[in-house]
Amino acid sequence: MANEEDDPVVQEIDVYLAKSLAEKLYLFQYPVRPASMTYDDIPHLSAKIKPKQQKVELELAIDTLNPNYCRSKGEQIALNVDGTCTDETSTYSSKLMDKQTFCSSQTTSNTCRYAAALYRKGELHLTPLHGILQLRPSFSYLDKADAKHREREAANEAGDSSQDEAEEDVKQITVRFSRPESEQARQRRVQSYEFLQKKHAEEPWVHLHYHGLKDSRSEYERQYLLCQGPSPVENTELVKSPSEYLMMLVPPSQEEEKDKPVAPSNVLSMAQLRTLPLADQIKILMKNVKVMPFANLMSLLGPSVDPVAVLRGIQKVAMLVQGNWVVKSDILYPRDSSSPHSGVPAEVLCRGRDFVMWKFTQSRWVVRKEVATVTKLCTEDVKDFLEHMAVVRINKGWEFLLPYDEEFIKKHPDVVQRQHMLWTGIQAKLEKVYNLVKETMPKKPDGQSVAAGLLSGDQRVQAAKTKAQQNHALLERDLQRRKEQVQAAAVLPGVRIKEEPMSEEGEEEEEQEVEEEEEAMDTSPSGGLSTRLPNGLPAGRAAAGENFNGHPPPGGASSPVARELRAFVEATFQRQFVVTLSELKRLFNMHLASLPPGHTLFSGISDRMLQDTVLAAGCKQILVPFPPQSAASPDEQKVFALWESGDMSDQHRQVLLEIFSKNYRVRRNMIQSRLTQECGEDLSKQEVDKVLKDCCVSYGGMWYLKGTVQS
């Protein structure tokens with residue numbers, strides 16, 4: 001208190017925050033000069049800046065008449081740089097080093113704590129600095145002198161004979177074409193130092209006009225350093241409460257926030273973990289453990305946690321593999337990240353890891369070489385995938401880390417069914433990307449089935465009985481349908497029952513269509529075949545007479561099932577415009593996986609019912625002429641497109657679809673000319689690009705309908 005009384009407040013100064021030059025004000029720090037000489041006294045010949053890099057170059061004149069200037073040295077430097085000839089490209093046109101270049105470098109990237117102050121009439125006006133640049137002499141003229149010296153030496157060695165020039169004129173030139181750049185090579189090139197230097201060099205210079213300290217323009221611009229507000233009341237940026245002001249003076253340490261652990265193991269205690277929301281707890285645990293049974297997860301979360309909420313949260317961050325939960329690939333490899341080993345982008349890593357997870361849904365064992373051959377990833381990346389969820393066994397391969405959790409499978413069949421649908425969609429995507437051989441039915445894990453080749457005679461007999469029972473049920477269903485048709489024809493003799501349209505591609509495809517009509521899509525898990533039919537309905541409900549053979553459900557188009565299916569189809573084609581039957585079935589399985597258990601769409605939807613709904617929703621089937629050697633499956637060769645959506649692009653899209661009904665692949669100039677012929681000469685490039693983006697993909701210089709290109 002005594003010290004405060006001895007040091008009274010002499011004057012209070014109002015502080016203002018001027019913001020007129022807040023984004024334009026730079027501080028230049030010149031090299032140290034004698035106090036009697038300022039840089040404002042030196043003529044500034046030119047000034048230029050690169051705004052993005054905040055790089056400045058200034059050319060200042062050198063006083064060649066100063067007694068301290070060595071004229072002979074200046075002449076020698078000019079001779080070394082420009083040589084004996086003088087032209088417009090010469091650095092020193094006066095044959096004397098009469099100027100010096102200064103280049104800038106950033107002193108700090110964080111300038112929010114610095115400001116320029118102007119004191120006037122008892123008021124202090126502060127303007128935040130946008131950048132602080134230190135100017136240092138540039139010796140680029142020495143590089144130019146070295147280049148001249150090397151050129152002179154090369155000329156002396158090569159000689160000036162006309163014979164040599166003639167030989168150079170007839171020198172053979174080898175032309176080489178560069179290979180297409182892979183994604184991995186492009187990532188490495190973009191991150192290289194040479195690429196960054198080239199990118200910085202490509203930024204154009206912006207030339208500036210220098211105005212001295214006493215120039216009228218400088219006086220005018222200096223007025224912007226004063227706050228333009230009429231009163232200090234409006235300057236609310238500097239009106240802070242004592243606590244806010246103290247927080248600005250002593251900000252909290254950011255190092256502690258950066259060093260906060262994200263892993264529960266060895267750093268984050270369980271007490272700290274349980275203070276987080278349930279979704280974050282599950283995500284942190286799965287991200288670090290990577291593979292975990294559901295029972296272990298519940299024991300870590302505590303007895304008070306609702307298992308239903310945990311089941312809902314675990315499905316957002318993990319996938320079910322052999323009854324255990326494995327963290328999703330996009331959690332470990334977020335977008336815009338890359339492999340630390342090979343630099344491969346996260347999208348490719350996620351696809352490769354999903355393939356490994358899918359292989360473990362088929363078998364207890366995975367061979368590393370097989371994974372590397374299919375995914376085309378390096379050994380280190382594949383080893384990382386396998387170490388996440390498996391353990392290596394000598395002379396056997398990699399075995400899944402945990403035993404098959406049959407208890408969870410029996411206790412939560414709805415979750416198992418939903419996960420199976422997700423895996424069906426992932427399998428279809430992997431088959432398309434990696435050109436895998438399609439499997440009709442996923443195999444059971446080795447932990448719950450006997451290995452092939454070790455079946456006993458009783459087991460073979462039992463398997464034959466089960467298959468016979470399934471075939472018997474299918475035959476009875478077909479017989480019942482035929483009886484109903486005969487009875488309907490007898491009751492209403494004047495009414496002809498509408499037959500399914502014949503395919504134009506021959507009797508073989510007709511038989512295939514009939515089989516697809518009678519067989520519904522598989523929306524049930526692979527297990528439990530003894531109590532469920534192939535379309536996912538319990539046998540009891542089938543015997544009760546529920547219709548699920550692909551014909552309209554009870555109530556016709558007004559039934560809940562038909563309305564839900566129609567809404568799904570319309571929403572899908574509003575987003576994609578062109579969809580193959582294979583892709584539509586994959587999207588439908590993904591849609592089913594997002595629905596709650598017991599939804600009406602789980603009653604069983606056949607391929608025929610799905611196709612009829614598509615045609616009823618205003619879409620048309622495009623008969624694309626696939627080449628005879630095409631590897632596309634029958635479902636991939638069925639292409640449906642939205643014919644009318646009500647927008648201005650309907651006519652353009654219809655012309656495009658007619659082109660692809662006669663051609664498998666088309667060049668852009670053909671599409672452009674046909675659209676111009678049908679729609680008029682005023683068709684813009686943007687309209688053509690839009691219809692191509694909506695319906696087509698480009699591959700190898702040709703355009704294909706979406707889903708039809710075979711790489």
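Author: Arg 364 is buried, and Glu 399 is buried too. Buried means under 20% relative accessible area, exposed over 50%, and partly exposed in between, with a 1.4 Å probe and protein chains only. The two residues form a salt bridge, and their closest N and O atoms are 3.3 Å apart. A salt bridge here is a side-chain nitrogen of Lys or Arg within 4 Å of a carboxyl oxygen of Asp or Glu.

Arg 364 sits in the loop between helix H15 (346-362) and strand E13 (365-366), and Glu 399 in strand E15 (residues 397-400), so the pair ties together parts 35 residues apart in sequence. Helices (H or I, at least four residues) and strands (E, at least two) are DSSP runs, numbered from the N terminus.

This is a predicted model: local features need pLDDT of at least 70, side-chain atom pairs count only at pLDDT 80 or more, and totals for chains, interfaces and linings use all residues. Residues are numbered from 1 along each chain as its sequence is written, and side-chain values use heavy atoms, without hydrogens and water.

Now take Glu 583 and Arg 586. Their salt bridge has its closest N and O atoms 2.7 Å apart. Both lie in helix H24 (residues 581-593), three residues apart, which means a separation of about one helical turn. Glu 583 is partly exposed, at 21% relative accessibility. Arg 586 is buried, at 18%.

The whole structure holds 19 salt bridges.
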